[in-house]
Structures are given as C-alpha cells and as structure tokens.
Amino acid sequence: MDFVGKRKIFYALSLIILLISVISLFAQGLNFGIDFKGGTLLQVKFEKAGVTNEDVRATLKGFGLEKSSLQKSESSFIIKTVELDKEKRGEVLKSLEDNHGKFELLRSENVGPVIGDELKQVGIIALVVAFILQIIYITIRFEFRFGVAAIIALILDALVTIGFFSLFQYEVDLTFVAALLTIIGFSINDTIVIFDRIRENLKTARKGDLAELVNNSIKQNLVRTLNTSFTVAVMLVALLVIGGETTYNFALAMLVGVLSGVYTSVFVASSLWYDFVPLINGKKKIVKL
Amino acid sequence: MRWEKIFALIIITALVIGGAFWSVDPIQDNLNLGLDLKGGVMVRLQAQGSATDRDIAQVIEIMRTRVDSLGVTEPVIQREGSDRILIEIPGIEDPESAIDLIGKTALLEFKTMDGEVILTGKDLVEAQEAKDPQSGQAYVGLKFDAEGTKKFADTTSRLVSEYPDKGETRSEGRHIAISLDGQMIQNPYVSEAIPSGEASISGGFETLEDARSIALLLRSGALPVPVEIIENRSIGPTLGADSITKSTQAGIWGLAIVMAFMLLFYRIPGIIADLSLVLYATLLLGILVALNATLTLPGIAGFILSVGMCLDANILIYERLKEEIRNGKSLRAAIDAGFNRAFITILDSNITTVLAAAVLFFLGSGPIKGFAVTLTIGILCSMFTAITFTRFMLKAFVDSGLVKNTKLYGA
C-alpha cells in the first residue's frame, strides 16, 4: 500500500474529522461534569423496585431542580444538579425518602466552582507540558522534523477525542484529562516505532526513493501496530462493557484516542515527516541524518 | 534435547504460576484501596482571607481532634498548597454527619459594640468552666496569649474610660460580643479594665453545665481563620465494592481474550508472552503493596491499560524475530538480533509514556495520581519482564531443542 503517495487523501480525511471536531466544539462545546463546572451529584438506590425517572424528577421539581440531569443506572439513580449546600441537600434527600421510600446513598459529591476552574487550568497546563516534553524528547532522540510531525499527529489525536466527546456530548470529567494525557503518551509510541524504523532503514539505504523507504518502514511495522492496538483496544472494550459507569467515559476516551492514534501514526505522521524533509535538505532523496 | 534447559523451563514456569497463586491472598490483604474503592468521605477545605502557616497548622490540629472523635481508623488530614486542607476518612457509616462535624467551621470573634473585631480564636489559649466557691455561680474562665492579653487590656481600658458607669444603668458600649460564625453566643459587660490576660464571663449561666457547653464551644471553635468546604465527595461502601467487582471482571475477560490472541498469533512465543503477563501482573501488584501505594479506580484502569502496553514490548520483539527468521537467520541468531533491535524501540516508546504519566503525577491529585503511579510502575515492570524474562525463556526454549520448526515461532 502506498501510504506516502496517497497522503493527500489521508490528510484530507484528517482535516475533515478535525473540522467536524472544531465546529462541534464551537457550536455546542463540551458537556462538562460537576468536576469542572461545580455542582452536586447524588446517587441513590431505592429499596423499593419500580421507582421511575418521572417519579424522581417530580420530587426534584419541588425544589426547582427539574432541569437537573437524571440518569438511571441499573437499579440506582444519578442526579446531577447545581451545587446544593448541606441543608438543601438534606432536604432533597429527605423528600426523596418521603416520596419513594428508603434508599441507600451510594455517592454524594459536591464541588465548588473554584475547583472546576482550577482543574480546567491544570488540565490545559498538563496537556501543554506533555506536548512540550514529547517534542523535546523526540528532538533529542531523533531530530526536530520528526518531533514536529509526531506532535501534529498527537494534536490530531487529542482534538479528535475532544471532538468526539463534544459531538456526542459525553460527559467530560476528571478522568478525561487523564485519558487525554495517556493517549498522548501511548499514541506517540506507534509513531516513534515507525520513525525508529525509518531511521534504521536510512542507515543502510542506498540512494533511491525516500517515499518507498517510508512506505516500507510503515509496512514493516504494520502488524506490530495493529496487534498492539488490538490488545489495548480489547482491554478497553472490556472496561467499557463490563467495567461499570464510573470508568466508562475514561475507557471510551482512551478507545477513541487509541484508534485515532493508529490512523495518525500509520497514515499521517510519517508522511508529514516526508513532507518536512525538503524544508531543510531541499530534495526528497534519501539523506543521511 | 537438552534436559537441563527443559528442566529450568518447567521450574520457572511453575514458579511464575505458583508465585501468582500464592501472592493473591497477601496482595488482597495488604493493598491499600483508595476512598473510591472502599468507600469514605473526602473533604477539601479552603482558608478564607490571608492565612499564615501557623493558622493552617492550627486548623489541621482542630480538624484532627474532630475527626478522631468519629473513632475511625487511618484518617488522612493534610495540607494542600498554601491555604487548603484535604481530609480523607475511609469506611465511614454516616458521611453526612462527618461532613457536618468538619463543616462546623466555627470562627470565634470578640467584637466591640461598634463592630470592631478585637480578638479571634487564635488569641484564646484556654476556656474553662468553673464555679465560684462563695456565690456558687458558674462562670467561664478565659485566658489569652501574650498578644491577646495586650489587645484585650487595651480595649477593656479604653471601653471603661470611654463609657463610664452612670450609676445603675450600664452603658451599652461597654459590652463585648463573643460570636461564633457570626452568631452571638455571649455578650458580657466589661466591669473593669483587664490587663492580666485572664478574664471570666459570669452571670449568664444557670448551671455549671451551661458554662461547660459555652467553654467547649469557645475551645473547639477556636479556628484561627474561617474555612469553607469547597469540595466534598462521599462514596458508599457498596458502590466501591461494586466498582472492584466490575473492574476485576473487566480485567479478567480482557486478559483472557488477549492471552488467547497472543497464543494463536505467536504460538510458542505467545505462551511465553502470556507467562510474562502473569509475572508482570504479580510484580506490579507486589510493588504497589511494597511501596504502600494506594490503588484507586483510575489506578485499576491504568493497570488494565498497561497490560496492553506490556504486550507491546513482546509484540515488538516477536515481530522482529519473525523478520530476522525470514531474512534467513538461524533461530538463535534471530532471537539475539530481534531483542537488540527491539530494545531501543521499546525504550524510546516507553519513555514517552512515562513522560506523560509524570506530568499527570505532578499536576494531578488523588485518584489521578494513583493512575499515574500505576501506569508508571506498570511500564517499568513491562519493560523489565520483556527484556529479562521473555528473552531468557525464549532462548532457553530454543536451546532446549524441543521445537525446531520456525513456523511454531510465528514465522
């Protein structure tokens, strides 16, 4: 398969996905959970079976909270509201008990707005620091052009994941930042393995077509890239399907990032490097680095 | 056939599998679980206004007393940044009342009638109830520190001179209001200037009990700065146990599929990869126990994820191995070449992941830190097992001469 020769098609595909992500981000933004925007989360499990979403919402209406997010998970309800103080929380819980019988309070989380703003800041700083560290490391181990190509691929992965969460309005919580950073750390693996092979092949190559060398390097690593991503994806799907709702969003973000990582490292990163070569060396011939 | 190699292979395989089975119980018993897994309460407090180191230390002490009164084991109370305090109380029956207790962030203030704050809780050294032996009247004795003594002396003498007694009617301005969280609990009249730093509030109490409850309020409410709960989370024990069950199941299913895949795709090296996975998991959990690290739910996710990464090292090596065999190398030469070439790649690709995990560790908090720790240790373990164990086993297997057909090495 001619990865480098058809790179324009792959670039275009990436750009389209990127465009969709950016438009969605501007149009509807992200669905921030209480970790980021502050608020109260109550998860209750009623002893009595048959309590419905409508029942709970009716009770919430008594407090003017009918617009809160309400989610039924197995036999428990997750209620997310604006931040409620201790007294209000107590009243809501009491009213739930009065109307729908005894329940077990599985989870109660209350986050002030200060924390959320800080978390956003720290999250952005963490992403930027991670990007910078990666580019420095790759520049030291390889060269600057490899670094730039890898980072562009990484930014694509991060944006696709963020865009996916924006497009389908999945909730962005604390673990999302962790997922993004792991994607950055993980997806760069694939790219590096291929770059590593390009570098190795350059050492032994005679004069010839650079595009073919890059293609071969990708091909030689294709099975490895697919197998590794497959094993990671299997673990993530297991977490997604069986792991329960607390790790669901983390696993989903990771899965999107890992799949995007396969695409960018096979179809985008090496081709980008190929395009960057003449910026310093002038011609697309095999050059000793 | 080289029997000593075969013997070594059998022994090592038995050790790895036996070790894994043997370590299940000790790991389960000794692994620290985070609040999100075992249930408990987390409260984050923020000091309002400007707080000195001493103020924060004092708040921590007061919080420790309050939390200890709940009779729980191993609460964590620690300072965070310059003006925050994190309190974690594991395994608590009634989280809301614990939050109430912590949230009772009473600020003690002594104010004059025109609203000027003259003293706060940090100036108060002692508040003790007592009974006057002659009149039988209950009172609360107060004692201030050096700074408090001076401020109290200045204010009382000023009040006495500014608002002189007019016969029977007491001047309103000579009262000092003692308030807790803005609520006035006492409003004593200053009968004379008090330079000694020891004062007593008398007259308002029917019994010694009344005096005691006020003294207690004054003592425990002596927070030097007001604090506010900016975040609290409580997880019931059922939800935590549920999370453990579900994520363990996810891990087992994922592992089973991945191991079967390795076996089918790589044959004999696949078996070795599966064995190395068992060793890897035992090592990782063992190290977590040895480091006294805390396993959180994101930590389990990190563990499950790093299983995939552990296999990456094996896959890299085996793919190289296949290539070298296809290039006409002998099995043994191919293994050496495969490992040497793959090693640099494994190193490069793992360091980038560790870099990302390090960022998470230094900037993240709580559960996210747990994730970063598990991921980092996981990557180190996976590199170790791939470079030492996988290599040793593969060479020993080839040397044993059991299987010579390169097809069974995945080529």
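How many residues does helix α5 (residues 146–162) of chain B have, and what does its reach look like beside the span expected at 1.5 Å a residue? That is where this note starts, with the reminder that everything here concerns a predicted model.

1. **Helix α5 of chain B.** The helix has 17 residues. From its first C-alpha to its last it reaches 24 Å, close to the expected 24 Å. G148(B), T149(B), F152(B), T156(B) and L159(B) are its buried residues. Viewed down the axis of α5(B), the buried residues fall within an arc of 110°, so they line one face of the helix. An α-helix has 3.6 residues a turn, so residues three or four places apart point the same way.

2. **The two sides of that helix.** What do the buried residues of α5(B) pack against? Their partners are strands of chain B: β5 (108–112), β6 (117–120), β7 (124–131), β8 (138–144) and β11 (198–202). On the face turned away from the buried side sit the exposed residues A146(B), E147(B), S161(B) and E162(B).

3. **Domains.** The domain assignment gives chain B three entries: domain 1 (3–36 + 236–409), domain 2 (40–105 + 226–233) and domain 3 (108–220). Between domain 1 of chain B and domain 2 of chain B, the C-alpha centres lie 40 Å apart. Chain A is divided into domain 1 (7–31 + 115–281) and domain 2 (39–111). For these domains of chain A, the centres taken over C-alpha atoms are separated by 40 Å.

4. **Where the chains touch.** On the chain B side, 55 residues are in contact with 52 residues of chain A. Six helices and strands of chain B each supply at least two residues of the side that touches chain A, namely α4 (95–103), β12 (227–235), α7 (237–290), α8, α9 (331–363) and α10 (366–400). The largest share of that side comes from α7(B), with 14 residues.

5. At what angle do helix α7 (residues 174–204) of chain A and helix α8 (residues 297–326) of chain B pack? The angle is about 5°, and the axes are 12 Å apart. That makes α7(A) roughly parallel to α8(B), angles under 35 degrees being counted that way. From α7(A), the residues T175(A), A178(A), T182(A), N189(A) and V193(A) meet P298(B), L305(B), D312(B) and L316(B) of α8(B).

6. Is F186(A) buried or exposed? It is buried, because 27 other C-beta atoms lie within 10 Å, and the cut-off for a buried residue is 20 or more. Setting aside residues up to four places away in sequence, F186(A) touches V258(A), G261(A) and T353(B). By contrast, T139(A) is 47 residues from F186(A) in sequence, and their C-alpha atoms are 18 Å apart.

7. **T238(B).** This residue lies in helix α7 of chain B. T238(B) counts as partly exposed because it has 15 C-beta neighbours inside 10 Å. Leaving aside neighbours within four places in sequence, T238(B) is in contact with E104(A) and L106(A). Within chain B, G39(B) is 199 residues away along the chain, yet the two C-alpha atoms are separated by 7.6 Å.

8. **L35(B).** Helix α2 (residues 35–38) of chain B is the place of L35(B). L35(B) is buried, since 24 other C-beta atoms lie within 10 Å. Not counting residues up to four places away in sequence, L35(B) touches G40(B), M42(B), E88(B), P90(B) and I235(B). L35(B) and S234(B) are 199 residues apart in sequence and 8.2 Å apart in space, C-alpha to C-alpha.

9. **Positive phi values worth a look.** Most residues other than glycine have a negative phi. Q169(A), which is not a glycine, has a positive phi near 55°. Q169(A) is in the loop between α6 (144–167) and β6 (171–172) of chain A and is exposed, with 12 other C-beta atoms within 10 Å. N292(B), also not a glycine, has a positive phi of about 60°. The loop between α7 and β13 (294–295) of chain B holds N292(B), an exposed residue with 9 other C-beta atoms within 10 Å.

10. **The end of α1 in chain A.** Helix α1 (residues 7–28) of chain A has 22 residues and reaches 31 Å, close to the expected 32 Å. Just after α1(A), G29(A) takes a positive phi of about 65°.

Note on methods: Residues numbered from 1 in each chain as written. Chains lettered and ligands numbered in written order. Predicted model: local features only at pLDDT ≥ 70, side-chain atom pairs only at ≥ 80, totals over all residues. Helix = DSSP H or I, 4+ residues; strand = E, 2+ residues; numbered from the N terminus. Expected span 1.5 Å × (residues − 1). Arc of directions from axis to C-beta. Contact = placed C-beta atoms within 7 Å. Domains from an automatic or database assignment. Axes fitted to C-alpha atoms, helices over the stretch in contact; angles between N-to-C directions. Parallel < 35°, antiparallel > 145°, perpendicular 65-115°, else oblique.
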